[in-house]
Amino acid sequence: MTPDQALRRIAFLLEWRGASPYRVRAFHTAADAVRDMPPGPVDAAQAAQLRGVGPVTAEVISQASTGAVPTYLARLQAEVGPDAEAGWNLVAASAGDCHLHSDWSDGGSPIEDMASAARALGHQWAVLTDHSPRLTIAHGLSAERLRSQLEAVAEANSRLGPRFRLLTGIECDILDDGSLDQDDDLLDRLDIVVASVHSRLRSEPEPMTTRMVAAVRNPHVDVLGHCTGRIITGRGRPQSRFDAETVFAACAEAGTAVEINCRPERRDPPDDLLVRAAAAGCRFAVDTDAHAPEQLHWQSTGYARAARIGLEANRLITTWPLERLLAARSGRQSSSRGGHG
Ligand SMILES: [Zn+2]
Ligand SMILES: [Zn+2]
């Protein structure tokens, strides 16, 4: 176990036990600091010189650098049950993230910074999903800007190297009638489409259900983003109302993944709906919806939630290798074309 792996694992176990986000973040920050450190023993005083490393994390780094299991980690591991191990295994199996934003829409960082951070976290792939035109408040991309973004992604990939691929995508608004806020031919060219409701969140359940079902059945759509739209921090926002049975059955049938959105203010879907989506046979995408590189580690909270309800890696498309992810998408599109002419 390398020092950064030990630190990430501690962060996960702390999170599992409900530690404060600040405490968890300290371990991720230290992991980022030692990521590129050459292998070999480091003493604690040396480690403490690194930016973002304090006395506790320095001790962990020092012990792990000799190949030992750090005392701090051993103690935590003894305190949590075996289900935490299942959660950690999902985190370790993560291959990608289907939902992240850059400064092309409402994110704070350039495309390449987001991609490099995802690669550094060990991902094989990540999907750039900036907003669609109607979401003007978030600088949604017109068709023209999205076309130029495809070129920017291709350029970024040429610099990112063969070990990682940034996929093209969009977080596309689901319009009132269930149609999507981007041209079909353009959606067709993207690797992954996340569809989300961002408007009229307080609709009556019936039109909301119809609207969501239309979107998840759309062959362009791969992932249903933050399905209830709730915000659980600050003034908050209640979850939107829809017939969950109907929507999740449609997702399962169409092969559209239900997103487990990891943003701390969202944690969407709520627990009860997550259980119902699992019972409906849905697949899931454990997504950070990151708007900055340091938010990519939020993904572990989603895997912890998945593990707590017994979901296995096979049901989580964010653990899939790139080839499987892309093959599933093209398979769905061609079968839907065949099916409906
Ligand atoms: Zn969204
Ligand atoms: Zn988003």
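Arg 332 is found in helix 14, in a model that is predicted. With a relative accessibility of 14%, Arg 332 counts as buried, because buried means under 20%. Leaving out residues up to four places away in sequence, Arg 332 touches Asn 218, Pro 219, Val 221, Asp 222, Ala 254, Gly 255 and Thr 256. One of these, Thr 256, lies 76 residues from Arg 332 along the chain, and the C-alpha atoms of the two are separated by 9.2 Å.

**Ala 254**

Ala 254, which Arg 332 touches, has its place in helix 11, a helix of residues 244-254.

**The cavity**

A search of the whole structure finds one cavity of 30 Å³ or more. The volume of the largest cavity is about 90 Å³. Arg 332 is among the residues that line the largest cavity, and so are Asp 222 and Gly 255. Asp 222 and Gly 255 are also among the residues that Arg 332 touches. The rest of the lining is made up of Ile 192, Ala 257, Arg 283, Ile 317, Trp 320, Leu 325, Ala 328 and Arg 329. Which helix gives the most to this lining? Helix 14, residues 322-340, does, with four residues. By type, the lining residues of the largest cavity divide into six nonpolar, one polar and four charged.

**The zinc site**

The zinc ion (ligand 1) is coordinated by Glu 171 through OE, and by His 198 and His 226, each through NE2, at 2.1 to 2.2 Å. Along the chain, the donors of this zinc ion follow the spacing E-x26-H-x27-H. A distance of 3.6 Å lies between the zinc ion (ligand 1) and the zinc ion (ligand 2), and Glu 171 coordinates both. Distant parts of the chain are linked by the pair Glu 171 and His 198, which are 27 residues apart. Glu 171 belongs to strand 2 (residues 165-173), whereas His 198 is in the loop between strand 3 (192-196) and helix 10 (205-217). Both Glu 171 and His 198 are buried.

The side chain of His 198 makes polar contacts with the side chains of Glu 171 and His 226. Not counting residues up to four places away in sequence, His 198 touches His 131, Leu 135, Glu 171, Asp 173 and His 226.

**Asp 181**

Asp 181 is found in the loop between strand 2 and helix 9 (184-189). Asp 181 counts as buried because its relative accessibility is 8%, and buried means under 20%. The side chain of Asp 181 makes a polar contact with the side chain of Ser 132. With neighbours within four places in sequence set aside, Asp 181 is in contact with Ser 132, Pro 133, Arg 134, Leu 135, Cys 172, Asp 173 and Leu 175. Leu 135 and Asp 173 are also among the residues that His 198 touches.

| Side chain | Partner side chain | Distance |
|---|---|---|
| His 198 | Glu 171 | 3.2 Å |
| His 198 | His 226 | 3.3 Å |
| Asp 181 | Ser 132 | 2.8 Å |

Conventions:
Residues are numbered from 1 along each chain as its sequence is written. Chains are lettered from A and ligands numbered from 1 in the order in which they are written. This is a predicted model: local features need pLDDT of at least 70, side-chain atom pairs count only at pLDDT 80 or more; totals for chains, interfaces and linings use all residues. Side-chain values use heavy atoms; hydrogens and water are left out. Donors are N, O and S atoms within 2.8 Å of the metal (3.2 Å for Na, K and Ca); water is not among the atoms, so sites may look incomplete. Helices (H or I, at least four residues) and strands (E, at least two) are DSSP runs, numbered from the N terminus. Buried means under 20% relative accessible area, exposed over 50%, partly exposed in between (1.4 Å probe, protein chains only). A polar contact is a pair of N or O atoms within 3.5 Å; within protein, one must be able to donate a hydrogen and the other to accept it, and residues adjacent in sequence count only if both atoms are side-chain atoms. Contact means heavy atoms within 4.5 Å. On a 1 Å grid over the protein atoms alone, a cavity is a set of points where a 1.4 Å probe fits but cannot get out, and a pocket is an open set with protein on both sides within 12 Å along at least five of seven lines; lining residues have an atom within 4 Å of a point. Grid points are joined across faces, edges and corners, and a volume is the space filled by probe spheres set on the points. Ala, Val, Leu, Ile, Met, Phe, Trp, Tyr, Cys and Pro count as nonpolar, Asp, Glu, Lys and Arg as charged, and the others, Gly among them, as polar.
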